[in-house]
Amino acid sequence: MEIKITKAPELKTKPDPSTLGFGKIFTDHMFIMDYSKEEGWHDARIVPFGPFPIHPASTVLHYGSEIFEGLKAYRTADGSVQLFRPLENIRRMNNSAERLCLPEIPEELALEVLTKFVNFEKDWTPSADGTSLYIRPFMFGNDETLGVHAVHNATFMIITSPVGSYYKEGINPVKIMIEADDVRAVRGGTGYAKCGGNYAASNRAGQKAEEKGYSQVLWLDGVERKYIEEVGAMNVMFKINGEIVTPMLSGSILPGITRKSCIEVLKSEGYKVSERLLSIDELEEAMDNGTLEEAWGCGTAAVVSPIGELAYKDKKFTVNGGKIGEVTQHLYDTLTGIQWGKIEDKFGWTLKLD
Ligand code: PLP
Ligand code: COI
């Protein structure tokens, strides 16, 4: 598809890598493409980054028809820029679109506009250790009417942001509070979709945890509040008595691409990895009898984030003496090694931009 380009009249100064943080600075341009039932996807364009007008009755503002994705572009030692498993994000976005009754984007078209836009902004990919260009594709329902129905008009956009580490702790272990009241998602709901509403609904528990000095919450299932689901906005994994355990994809859990990659790396190396139900009782027992060896969250933003402390009701447990564990460190080194092109990509996960 032809992309119409309107260049920003002035380019911004690139930030000092030490000031990056996560998602605070945006590049010079953004990508937009519209959808209507009659025309399908049309009017693909790259325009200067900035606010844009939206009709006050737009579906997204009232009924939350919004989905998003998150992936990164990495600068390798030879100066080139590469993406990590972008087709996985595109497929997940289309699954989210199906759940929210938003229009899907054919895979080839989505990959074409994504790679062309990131290529256009690729000078913004920082090269300092641990930094990358975070890519945020998103789509919203844009019907200009207050009727509640499946969406007929939608807008797809991509914005990009040079980032450092997601948590201020970096790769240092974080403290996590197990949430016994609020739930993130339920089976049959939208947990497996990456839609904005899931994050809005999780903010209350996150805020409560932060006030108590924790970085994030560990979510339990929405029906029995018994089974472990995710940690904050990441998937979660444990090493219990030598076995790597991660909650199975039940419908209320987001199928993370980092999760999938961790499983594939570990299985290729002969580790026993179980995707299964893991109850809070089993986890508590493992903490009590010392068989919980490691715990970590995994997601694009933080890659792998070790959990050093878990709090449940009035109990606190330290995991692996509050230090990063061997498997956690190994996964971090392997995934970041592949992403930044420091080690061989034997899985064929990276896609170099022109
Ligand atoms: N779970 C939730 C709720 C998320 O928002 C994310 C982040 O995208 C993940 C898990 C991890 O997914 P991925 O590894 O694809 O980034
Ligand atoms: C992740 O990439 O792990 C995320 O959860 C992204 C977050 C900012 C929604």
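This is a predicted model: local features need pLDDT of at least 70, side-chain atom pairs count only at pLDDT 80 or more; totals for chains, interfaces and linings use all residues.
## Contacts with ligand 1

A polar contact here is a pair of N or O atoms within 3.5 Å. An N or O atom in the side chain of T258 sits 2.5 Å from an oxygen atom of the ligand. R92 brings a polar side-chain atom to 2.8 Å from a ligand oxygen, while I257 uses a polar backbone atom, also placed 2.8 Å from an oxygen of ligand 1. On its own the ligand exposes 380 Å², and the protein buries 95% of that.

## The surrounding shell

The shell around ligand 1 holds 15 residues, of which K194, Y199, E230, T258 and T300 come nearest.

## Salt bridges

Side chains of opposite charge can pair when their charged atoms come close. The whole structure contains 21 salt bridges. One of them links R45 and D43, at 3.5 Å from N to O; D43 is partly exposed, with 41% relative accessibility.

D129 and K342 form another, with their closest N and O atoms 3.6 Å apart. D129 lies in the loop between α3 and β7 and K342 in the loop between α7 and β18, so this pair ties together parts 213 residues apart in sequence. Both D129 and K342 are exposed.

E243 and K272 also meet in a salt bridge, at 3.5 Å from N to O. Here E243 is buried, at 16% relative accessibility, whereas K272 is exposed, at 53%. Finally, R85, E88, K260 and E264 are joined into one network by salt bridges that share partners.

Conventions
Residues are numbered from 1 along each chain as its sequence is written. Chains are lettered from A and ligands numbered from 1 in the order in which they are written. Side-chain values use heavy atoms; hydrogens and water are left out. A residue is near a molecule or strand if one of its heavy atoms lies within 4 Å of it. A polar contact is a pair of N or O atoms within 3.5 Å; within protein, one must be able to donate a hydrogen and the other to accept it, and residues adjacent in sequence count only if both atoms are side-chain atoms. Accessible areas come from the Shrake-Rupley method with a 1.4 Å probe; for residues, only the protein chains shown count as cover. A salt bridge is a side-chain nitrogen of Lys or Arg within 4 Å of a carboxyl oxygen of Asp or Glu. Buried means under 20% relative accessible area, exposed over 50%, partly exposed in between (1.4 Å probe, protein chains only). Helices (H or I, at least four residues) and strands (E, at least two) are DSSP runs, numbered from the N terminus.
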